[in-house]
Amino acid sequence: MSLSRLFVDHDLGPGIETPTHHTDTLDLQTVLSGSVDLVLDDGAHHLEPGDLVVLTGVDHAWRAGPHGCRLTAVLIGTPPPDPEADSQ
């Protein structure tokens with residue numbers, strides 16, 4: 001089984017909100033600057049520079065603060081199962 005990883009930086013302008021979404025990876029997200037609300041099923045969680053969250057495929061959205069924010073993310077995952085490999 002191979003392990004994949006992706007490194008991403010996100011810049012969100014002031015007040016920008018992403019649509020609710022989820023990933024099929026383990027996501028390590030760190031706030032580098034500004035502020036952002038991580039919106040989950042149980043409400044918004046305010047994050048500041050240095051805060052780190054671990055997302056495990058849950059539905060979520062991001063809402064940038066009044067000065068915007070910069071996030072860095074490491075997405076770690078494995079490829080989806082190959083049904084043909086199971087039948088061999």
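Asp42 lies in the loop between strand E2 (26–40) and strand E3 (43–47); helices (H or I, at least four residues) and strands (E, at least two) are DSSP runs, numbered from the N terminus. Asp42 is exposed, with a relative accessible area of 62%. Here buried means under 20% relative accessible area, exposed over 50%, and partly exposed in between (1.4 Å probe, protein chains only). The side chain of Asp42 makes a polar contact with that of His45 at 2.8 Å. A polar contact is a pair of N or O atoms within 3.5 Å; within protein, one must be able to donate a hydrogen and the other to accept it, and residues adjacent in sequence count only if both atoms are side-chain atoms.

## Basis of the model

This is a predicted model, in which local features need pLDDT of at least 70 and side-chain atom pairs count only at pLDDT 80 or more, while totals for chains, interfaces and linings use all residues. Residues are numbered from 1 along each chain as its sequence is written, and side-chain values use heavy atoms, with hydrogens and water left out.

## Overall architecture

The protein chain contains one helix and five strands, in the order β-β-β-β-β-α from the N terminus. Of its 88 residues, 26% are buried.

## Nonpolar core

The largest nonpolar core has eleven residues, among them Leu12, Val36, Trp62, Ala64 and Cys69. Such a core is a set of buried Ala, Val, Leu, Ile, Met, Phe, Trp, Tyr and Cys residues joined through side-chain atoms within 4.5 Å. E2, E4 and strand E5 (61–77) each supply at least two residues of this core, and E5 gives the largest share, four residues.

## Salt bridges

The structure holds four salt bridges, each a side-chain nitrogen of Lys or Arg within 4 Å of a carboxyl oxygen of Asp or Glu. Arg70 and Asp11 meet in one of them (2.6 Å, N to O). This pair links distant parts of the chain, with Arg70 in strand E5 and Asp11 in strand E1 (residues 4–12), 59 residues apart. Arg70 is partly exposed at 29%, whereas Asp11 is exposed at 54%. Asp9, Asp11 and Arg70 are linked in a network of salt bridges.

Arg63 forms a salt bridge with Glu17, with the closest N and O atoms 3.9 Å apart. The side chain of Arg63 also meets that of Asp37 in a salt bridge (3.4 Å, N to O). Asp37 lies in strand E2 and Arg63 in strand E5, 26 residues apart. Asp37 counts as buried because its relative accessibility is 18%.
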